[in-house]
Amino acid sequence: MNEADARWLARAAELAEAQVGRTAPNPAVGAVCVREGRHLGEGAHLRAGTPHAEVNCLNACTEDPAGATLYVSLEPCSTTGRTPPCCDLIRAKRIGRVVIGCLDPNPRHAGRAIPLLREAGIAVEVATGAVAERCRRLIAPFAKAVTLGLPYLRLKLALTLDGFIADAAGSSRWVTGPEARDWVQHLRTRVDAVMVGAGTVRADHPSLQPHLPDAPRKWRVLVDRSAPFPPADLDDRTLVATRDLGYDGHDLRAMLHALCAKGVNDVLCEGGGRLAGALLDAGLVDALDLIYAPKILGPSARPGLAIAPRPLAHALSLGAPIECRALGMDTLLRFRLT
Ligand code: AOF
Ligand code: ZN
C-alpha cells in the first residue's frame, strides 16, 4: 500500500464517518473506486436494509470500473444478509484490486472476502497503520455489538470543577455553557440511543433528541428501577428499561444485551451520577467524555461519578486523556477505557 492508496482509503473512511449514527445495526462503510489515479466514483452505506457502500460506489462510477481499484473502509461482505454479497458484485464488475481498511468483525465474514476475491484473480490488500486504525475506530461500536452482543457505551457528563452535575436541590440547568451544549447535540446525532437514569428524567425532562434539523431520530432509553413514568415523557422512540428491556433494577449488563438485541450498537449515557457510577463499576463503559465547567458548588451537591468508594491505591484510573480542548469557557476531557 503506497501513499496514494492511504489517501484514497482515507476518503473512503471520511465517507463512512459522515454516516456514523445512521446505519445501525450495520456499520458505517465508505468506498471509492479509482483507476490510474482517476476517481471513477464513490459511495457509502446509508441505512441498514439498503445497498452497501461498494454497491453505491460501483453504481456511481462514471465509466466501466473493470480493472479499477476499489477502496473500502470495511471488508466487503461475502454472505447474503438483507442485501446480496458485495464480493459477487466486485467479481461481476471485474474489479482488479481491492484495498480493505479493516476486516469485518462479523463472524459471518471475518476475513472470508480475502481468499474469495483472490481466487477470482483480484488483488487484495488489507491496510495497516494510521488509516487502518481510523477504519477500525469507525466501526468500534459495530465490532463490540456483533462480537459480544453489547452496545458500545459512551458516558458523557457535564460537571462542575468539583465533580458535581447538579446542586443540592437537583438543579442542573445549566452547568456548562452554550458551546458545550452544542457539542453534545452533535454527539447525540452520532449514536443510536441516548440513555439517562430515571432521576435525571424526572428532574430535567430532557428531550434527548438531537435538535439538529436533518438528524435521524434516536432511541431514548430511560433507566428506571420501579416507579412508572408520566406518559408525557414517553413516545414511540422511548424505551423504559424495566418495561421494554426486562431490567430488574440490578443487572445493567443484561439490560444492555436486550438493548443491543433491538439493533442499538452505540449508546450515549448522559447520567445521572448513580447510573454513571453503576455503569463504571460494572465495567460497561467504553469511552468517557467529561465536560468541566469553571464552577464550584461545594459539598452536598450531586456527584456525577457516583462509583462505589475506593481507596486511592485502587482509584478508577482512566489513563491519559485522548483529547483535551476548550468548549467556550468549559473544558472537554475525553478518555477511552477500551
Ligand atoms: C459491506 N458494506 O456497506 C456494509 C457491510 O444485512 P446486510 O446485507 O446489510 O448485511 C449486513 C452485514 O454486512 C453487516 O453485519 C456487516 O457484516 C456487513 N456490512 N458490509 O461490505 C457495507 N454495511
Ligand atoms: Zn456488502
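Which strands does α2 lie across, and at about what angle to β2 does α2 run? In this predicted model, local features need pLDDT of at least 70 and side-chain atom pairs count only at 80 or more, while totals for chains, interfaces and linings use all residues. Residues are numbered from 1 along each chain as written, chains are lettered from A and ligands numbered from 1 in written order, and side-chain values use heavy atoms, without hydrogens or water.

Helix α2 lies across β1, β2 and β3, running at about 140° to β2. Helices here are DSSP runs of H or I with at least four residues, strands are E runs of at least two, and both are numbered from the N terminus. Angles run from 0 to 180 degrees between N-to-C directions, with axes fitted to C-alpha atoms, for helices over the stretch in contact; contact means heavy atoms within 4.5 Å.

The sheet itself is open, with five strands in the order β2-β1-β3-β4-β5 and mixed pairing, where a pair needs at least two DSSP bridges. β2 and β5 (123-126) sit at the edges. Strand β1 (residues 30-35) runs antiparallel to β2, joined by six bridges, and Val32 faces Glu42 in β2. Helix α1 (residues 3-17) also packs on the sheet, touching β1, β2, β3 and β4, at about 145° to β1.

Then there's the zinc ion (ligand 2), held by His52 (ND1), Cys77 (SG) and Cys86 (SG) at 1.9 to 2.2 Å. Donors are N, O and S atoms within 2.8 Å of the metal (3.2 Å for Na, K and Ca); water is not among the atoms, so sites may look incomplete. The donor spacing is H-x24-C-x8-C. His52, in the loop between β2 and α2, and Cys86, in helix α3, are 34 residues apart. His52 is buried at 18% relative accessible area, and Cys86 is buried at 1% (buried is under 20%, exposed over 50%, partly exposed in between; 1.4 Å probe, protein chains only).
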